[in-house]
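Here is my note on the structure you asked me to look through.

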Amino acid sequence: MKKISISMAKGGVGKTSTAVNLSAALAKSGKRVLLVDCDPQQGNATLFLGHNPNGLKITIANVINALLDLGAPNFINEATIRQAENFDLLPANPKLEAIQNRLIAEKSSASIFSGETGIQPHEVLKAILGEVEEKYDYAVLDCPPSISMLSINALVAADSVLLPVEAHYECYEALVQTMDVINRIKMNWNPDLQIEGILLTKYQSRTRLCREVSDYTRNNFGTKVKVFEYAVPSSIRMAELSSVGVSIFEHSPDSEAALAYGKLAEGVMWNV
Ligand SMILES: Nc1ncnc2c1ncn2[C@@H]1O[C@H](COP(=O)(O)OP(=O)(O)OP(=O)(O)O)[C@@H](O)[C@H]1O
Ligand SMILES: [Mg+2]
């Protein structure tokens, strides 16, 4: 199972939209996909896929709690929701925020981890995904925008990280900051972590700014990191996705956004 973290230290750049539509595209290609919601906030992948997060009784929060209390990630099957053929969701809701606080407390007090379970607070997600290694071909991790215990867990668990960048210069600060975090994670906890690539999102091909930003990205980062050829256009159909509860392939299959996410999945599967 390849684990791909969708990360960027900036809000609203299209992380969740990318996590949902990449997962859907991989599943449509016959790959078995688990989309893991790592974000306790409103507007997470759970909401995008049509669920009321607050109405869910069993979520990733219960799985993490079980791991911390019992040393085994019980409840994964109970929490997982079948979304479509080949496509499962491990959902999250605001209770995950409390779990994050628990992880931070455990980290600072170094209490039960070294003794009972042996699992470090930054390795919780890695341990959970280890349990479903044989069941899926891909795990796609939808991260929160902050550099937090949850986003760090995702980078520690991941094989690669995909960086959505909205075509604005201010996103570069976030990109540089995120790259810095990735390097620190590589040095300390996950030396094999790869960068899957940069995906330009919310792209308006008619504006000069967008074209400049695209050129800037390819010139400044393209030598070190893959910049996916197809940018995701800014579109009403994409903006509607958070309220319709399906992927772009159901909502607007002939759109340029569907094409871009299809090409992204091909790039991920075949490394092109
Ligand atoms: N290509 C697009 N065109 C138009 N709107 C988009 C596009 N991609 C995402 N959006 C909209 O922009 C908003 C932010 O997108 P999304 O939630 O995917 O970003 P995010 O990085 O996950 O945000 P957060 O950091 O809050 O988790 C949402 O309302 C979404 O519907
Ligand atoms: Mg999000």
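The points below go from the ligand to the core, then to the helices, and lastly to some single residues.

1. A word on the model and its numbering. This is a predicted model, in which local features need pLDDT of at least 70 and side-chain atom pairs count only at pLDDT 80 or more, while totals for chains, interfaces and linings use all residues. Residues are numbered from 1 along each chain as its sequence is written, and chains are lettered from A and ligands numbered from 1 in the order in which they are written.

2. The surroundings of ligand 1. Counting a residue as near when its C-beta atom, placed from the backbone, lies within 6 Å of the molecule, 20 residues surround ligand 1, and the closest are Lys15, Thr16, Ser17, Pro145 and Met238. Two or more residues of this shell come from each of α1 (15-28) and α11 (236-244), and α11 gives the most, with four residues. Helices (H or I, at least four residues) and strands (E, at least two) are DSSP runs, numbered from the N terminus. By class, the shell has seven nonpolar, ten polar and three charged residues, where Ala, Val, Leu, Ile, Met, Phe, Trp, Tyr, Cys and Pro count as nonpolar, Asp, Glu, Lys and Arg as charged, and the others, Gly among them, as polar.

3. Lys15, a residue of the shell. Lys15 lies in helix α1 and is buried, because 29 other C-beta atoms lie within 10 Å; a residue is buried with 20 or more such atoms within 10 Å of its own, exposed with 12 or fewer, and partly exposed in between, the C-beta atoms being placed from the backbone. Although Lys15 and Pro145 are 130 residues apart in sequence, they are 8.4 Å apart in space, C-alpha to C-alpha. Not counting residues up to four places away in sequence, Lys15 touches Ile6, Met8, Asp142, Cys143 and Pro164, contact being taken as C-beta atoms, placed from the backbone, within 7 Å.

4. The nonpolar core. A nonpolar core is a set of buried Ala, Val, Leu, Ile, Met, Phe, Trp, Tyr and Cys residues joined through C-beta atoms within 7 Å. The largest one has 83 residues, of which Val140, Leu141 and Tyr261 touch the most other members. Leaving aside neighbours within four places in sequence, Leu141 is in contact with Lys3, Ile4, Ser5, Ile6, Val36, Cys38, Ala154 and Ala158.

5. At 1.5 Å a residue, the 13 residues of α10 should span 18 Å, and its end C-alpha atoms are 18 Å apart, which agrees; the expected span is 1.5 Å times one less than the number of residues. Which residues of α10 are buried? They are Cys210, Val213 and Thr217. These cover an arc of only 65° around the axis, and therefore lie on the same side of α10; the arc is that of the directions from the helix axis to the C-beta atoms. They pack against β6 (160-166) and β7, whereas the face turned away from the buried side carries the exposed residues Arg208, Glu212, Asp215 and Asn219.

6. Positive phi angles. Most residues other than glycine have a negative phi. Phe75, which is not a glycine, has a positive phi of about 75°; Phe75 lies in the loop between α3 and α4 (76-79) and counts as partly exposed because it has 18 C-beta neighbours inside 10 Å. Lys202, also a residue other than glycine, has a positive phi near 50°, and is found in the loop between β7 (194-201) and α10 (208-220). Is Lys202 buried or exposed? Lys202 is buried, with 22 other C-beta atoms within 10 Å.

7. Asp37 is in strand β2 (residues 33-37) and counts as buried, with 29 C-beta neighbours inside 10 Å; among its contacts beyond four places in sequence are Asn44, Ile60, Leu89 and Asp142. Arg82 is in strand β3 (residues 81-84), and with 9 C-beta neighbours inside 10 Å Arg82 counts as exposed.

How values were computed:
Two residues are in contact if their C-beta atoms, placed from the backbone, lie within 7 Å.
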